[in-house]
Amino acid sequence: MNTLMLSRPLLTRRAALLGLTAAFTLGRTSLALGAAPTDKRFVVFLLRGALDGLSAVQPYGDPNCVSLRGELALPQPGTDGGLLDLGGFYGLHPSLQTVHALYKSGDATVLHAVAGHYRSRSHFEAQDYLECGVDQRISSGWLNRAVATMPGAASRDLALSTGLSAPLMLRGPARVEAWAPEHFGQSPAADLYGRLSILADRDPLIGPALHEALQKRGDAPGIDQPGQPGQPKQHPEVTLAAAAGRMLAAPTGPRVAVIEIGGWDTHAAQLKRLEQQLAILDASIAALHANLGEAWRNTVVLTVTEFGRTARINGTKGTDHGTAGMALLMGGAVAGGHVRADWPGLGSGRLFEDRDLMPSADVRAVAKGILANHLGLNAAGLEHAFPGSQDAPPMNGLLRA
Amino acid sequence: MDTNAAIAFSRFGLGRRRDEPVPADPHAWLRAQVNGPDTAPAGPTTAQGLAMIYDVIHMDRAAFPDPRQSPQVQAFNHVHHDESAALLGQAVTTPDGYRERLVWFWANHFTIAAVSRPSAACCGAYIREAIRPYVTGRFSDMLLAVMRHPAMLAYLNQNTSVGPNSLVGERKSRGLNENLARECLELHTVTPASGYTQTDVTNFAKILTGWTFRVDPENAGFFFQERAHEPGEQVVLGQTWPDGEQGGVMLLQYLADHPATHHHLAEKLVRHFVADDPAPADVAHIQAVLYKTHGDLHAASLALIDLPSAWQPLTKLRTPQEYVIAVLRAVGANPAYETQMPAVLKNLGQPLFGAPFPIGWPDRAADWAGPESIIQRVDFAYDFAGRVTDQEPATVAEQILGPLLEADTLGQIHGAGSRRDGLTLLLACPEFQRR
């Protein structure tokens, strides 16, 4: 296990092992001294760049779907390369095989037409608000503040950050264990390489060199990627998800984790790119599930993204920054097997600002429902996590009774 | 920030630090660095480095089943790591980017690599003692300090070269090693353009016999070993040089102030700071300064600032070392980075104290713009951007590049899907890679 650049968790962890916990809890009002930490697990997939919810879960039963979506509309369920049906109106993207299997076994729910509490179409701003849980950028995230109120948070790392740095969502007063493999081996998504090659084209040396390198790697913009010869390389995010599963499964391991996946900003060539992106997400979920083992029973997994994308296809076979999208809720603790949505429709006058899926539910309400009913936070704890969120009461009925 | 300030930070310096004040008069700012002192912190001395070797040689081997685990060997093994971090740390934090660039330029001119025990144990001390004090002094003084330094003597095998007719040579039937003599002529001073012959090389090697060093604590450092010195006068470049240590010193002073050396140094300096293919007039100007001042590097460093072509648009490509330093300066120093970057530089093909040949690292864009090399930078930028939080990429871009930042780069940064992507675009865009 390697802790990259985050020396504090390493030090506090070592201190805890040395029995120095008391020194760290002194001067703190420990909320439940001696109370055992929960057995419940909560994992958030943070999808940076704005996942197109209408592609991940397509409302193929909506009469306006095909006309708005054009080439982005996938074939009906039951046809070749078609959607994976979710009960007659919605269909999962065919890359989401694992999610579909979980849905069929009652371990997955889709929450559609959900959005954050903000109406920003700026990635950075919206990600900050999504992670902070309030309408301004502050230095701590809602999930960390939630963890800080949990029994045992003062004496052990209940939260796990995977990847190179802790996301804002997990920064704050509560101790966080950080994990990243020594050789992370992440490289940018094809889209970022593509943006960069546009800039590099200005340069007579860097431009051609970058193009040649990308072509060698099969990532050249506009060029279909050939299949990897031999054994397919495991995507780094899948490695992170598997590791998170192992660590969360341990009896004394962390209970809450965040796994970040970037590359969702599909302004162009969305069909191909989402196929790859969603396959990574699906494989990450499968890896997490497999490595959690028995602990899956006590687990809730939530996907969040900063906003949805435009309902209409744009001029470059992609979609632009929008408003409402969808969230996946998975795990043995989830009351799954259905889509939960107050469907706003895609028809005339039904779109937010005549362009985006209209929000009908608040991500904070979903998160608060999980924090309250799964992790046991009381009203004060919820207020600590999401200050001033009275307009978004905890959503009930998400979990198995 | 105006264009001249941005050029001063990038062309002459190591890239702007975000918290660094923008100089109102970029020329004066650069001149002040040349006129001011070197601010690098002290570190282990050459004598201390040599003492480590002495300790390894004389440790009680019976006490350690595996000598690699002994504290003596462990201490020795740490030097390279510690010195790499210290060198990077200085480059990343210094407010005197131009002066530090000059240090790196001369250290590369007089390349050593940590491939022998003395050059590894003294790699940092070499720069502190043989390079830094002379960066704005006389070239002849730097040349002499380098040629007498144990790191160089060991790197180019001078310490094992023996005059065939010396006492040691006759008794042990050992002989010359021409390595240092040849590289001194070819790379450090007059270059083959001066027309030297193999006889010149051999005779120079004879003159340098006896130039060695000792590691025992009482005598650690350079040592002229009379018993290994080839007796007699020698002719090099048509001139006769006296016997003894003084002959070598005189020859080095002659080489340092040779017109061919001035030309070589002028061309390298202009190539490094101005353009891959330096304008002949620029080279001639710096050469004339060196000629008039008998190799005064202070005057040459000031003259570089005054070249009009040095204030034209940037065309040089940052080497991996310069690139990584600029990245660290742009996002803010962190001691953790400085200990991790040596491994990164190895991946990017330019390890610290690790040039493969005595000629040092190449200094033209084409040498560093291979497809794999360029994409490795992008991947490094992406990896690194993933470790940096709380920074607005667009703000950093404007702070670091100022007027050099192109509108479409800023547009792409604004449109990036995450801060990490935005920062990657800044760190990998062409205007950040040029200097």
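Two helices count as roughly antiparallel when the angle between their N-to-C directions is over 145 degrees. In this predicted model, helix α8 (residues 190-200) of chain A and helix α9 (residues 206-217) of chain A pack at about 150 degrees, and α8(A) and α9(A) are therefore roughly antiparallel to each other. Chain A has 13 helices and twelve strands, whereas chain B has 24 helices and four strands.

**Helix pair in chain A**

- The axes of α8(A) and α9(A) are 8 Å apart, and the crossing of these helices is left-handed.
- On the α8(A) side, the contact is made by Tyr193(A), Leu196(A), Ser197(A) and Ala200(A).
- On the α9(A) side, the residues are Ile206(A), Gly207(A), Leu210(A), His211(A) and Leu214(A).
- By residue class, this contact of α8(A) with α9(A) holds six nonpolar and three polar residues, and no charged ones.

**Chain A overall, and Asp52(A)**

- Chain A comprises 401 residues, of which 53% count as buried.
- Of the contacts in chain A between residues at least 6 apart in sequence, 74% join residues at least 24 apart.
- Asp52(A) is placed in the loop between β1 (41-47) and α3 (53-56) of chain A.
- A residue counts as buried if 20 or more other C-beta atoms lie within 10 Å of its own; Asp52(A) has 30 such neighbours, so Asp52(A) is buried.
- Leaving aside neighbours within four places in sequence, Asp52(A) is in contact with Thr266(A), Gln270(A), Leu274(A), Gly308(A), Arg309(A) and Thr319(A).
- Asp52(A) and Trp343(A) are 291 residues apart along the chain, and their C-alpha atoms are separated by 16 Å.

**Chain B overall**

- The secondary structure of chain B consists of 24 helices and four strands.
- The radius of gyration of chain B is 23 Å, close to the 22 Å given by the globule rule for 435 residues, so chain B is as compact as a globular protein of that length.
- Taken along the principal axes, the C-alpha atoms of chain B fill a box of roughly 75 × 60 × 40 Å.
- Buried residues account for 52% of the 435 residues in chain B.
- Of the contacts in chain B between residues at least 6 apart in sequence, 71% link residues at least 24 apart.

**Helix pair in chain B**

- Helix α8 (residues 139-147) of chain B packs against helix α13 (residues 245-256) of chain B at an angle of about 135 degrees, with the axes 9 Å apart.
- That angle makes α8(B) oblique to α13(B), and the crossing of α8(B) and α13(B) is right-handed.
- From α8(B), the contact takes Phe139(B), Ser140(B), Leu143(B), Leu144(B) and Met147(B).
- From α13(B), the contact takes Val249(B), Leu252(B), Gln253(B) and Ala256(B).
- The residues of the contact of α8(B) with α13(B) comprise seven nonpolar, two polar and no charged.

- Helix α1 (residues 3-12) of chain B is mostly covered, with seven of its ten residues buried.
- The buried residues in α1(B) are Ala6(B), Ile7(B), Ala8(B), Phe9(B), Ser10(B), Arg11(B) and Phe12(B).
- Their cover includes α2 (26-35), α5 (97-109), α14 (259-273) and α21 (393-401) of chain B.
- Leu290(B) lies in helix α15 (residues 280-292) of chain B, and with 25 C-beta neighbours inside 10 Å Leu290(B) counts as buried.
- Not counting residues up to four places away in sequence, Leu290(B) touches His262(B), Leu265(B), Ala266(B), Gly295(B) and Ala300(B).
- Leu290(B) and Lys346(B) are 56 residues apart in sequence, and their C-alpha atoms are 35 Å apart in space.

**Contact between the chains**

- The contact takes 31 residues from chain B and 32 residues from chain A.
- On the side of chain B that touches chain A, α20 (371-385), α22 (407-414), α23 (419-428) and α24 (430-433) of chain B each supply at least two residues.
- Of these, α20(B) gives the most, with eight residues.
- The chain B side of the contact divides into 14 nonpolar, nine polar and eight charged residues.

Key: Residues are numbered from 1 along each chain as its sequence is written. Chains are lettered from A and ligands numbered from 1 in the order in which they are written. This is a predicted model: local features need pLDDT of at least 70, side-chain atom pairs count only at pLDDT 80 or more; totals for chains, interfaces and linings use all residues. The radius of gyration is taken over C-alpha atoms; the globule rule is 2.2 Å times the number of residues to the power 0.38. A residue is buried if 20 or more other C-beta atoms lie within 10 Å of its own, exposed if 12 or fewer, and partly exposed in between; C-beta atoms are placed from the backbone. Two residues are in contact if their C-beta atoms, placed from the backbone, lie within 7 Å. Ala, Val, Leu, Ile, Met, Phe, Trp, Tyr, Cys and Pro count as nonpolar, Asp, Glu, Lys and Arg as charged, and the others, Gly among them, as polar. Axes are lines fitted to C-alpha atoms, for helices over the stretch in contact, and angles run from 0 to 180 degrees between N-to-C directions. Angles under 35 degrees count as roughly parallel, over 145 as roughly antiparallel, 65 to 115 as roughly perpendicular and the rest as oblique. A crossing is left-handed if the near helix is turned anticlockwise from the far one by less than a right angle, and right-handed if clockwise.
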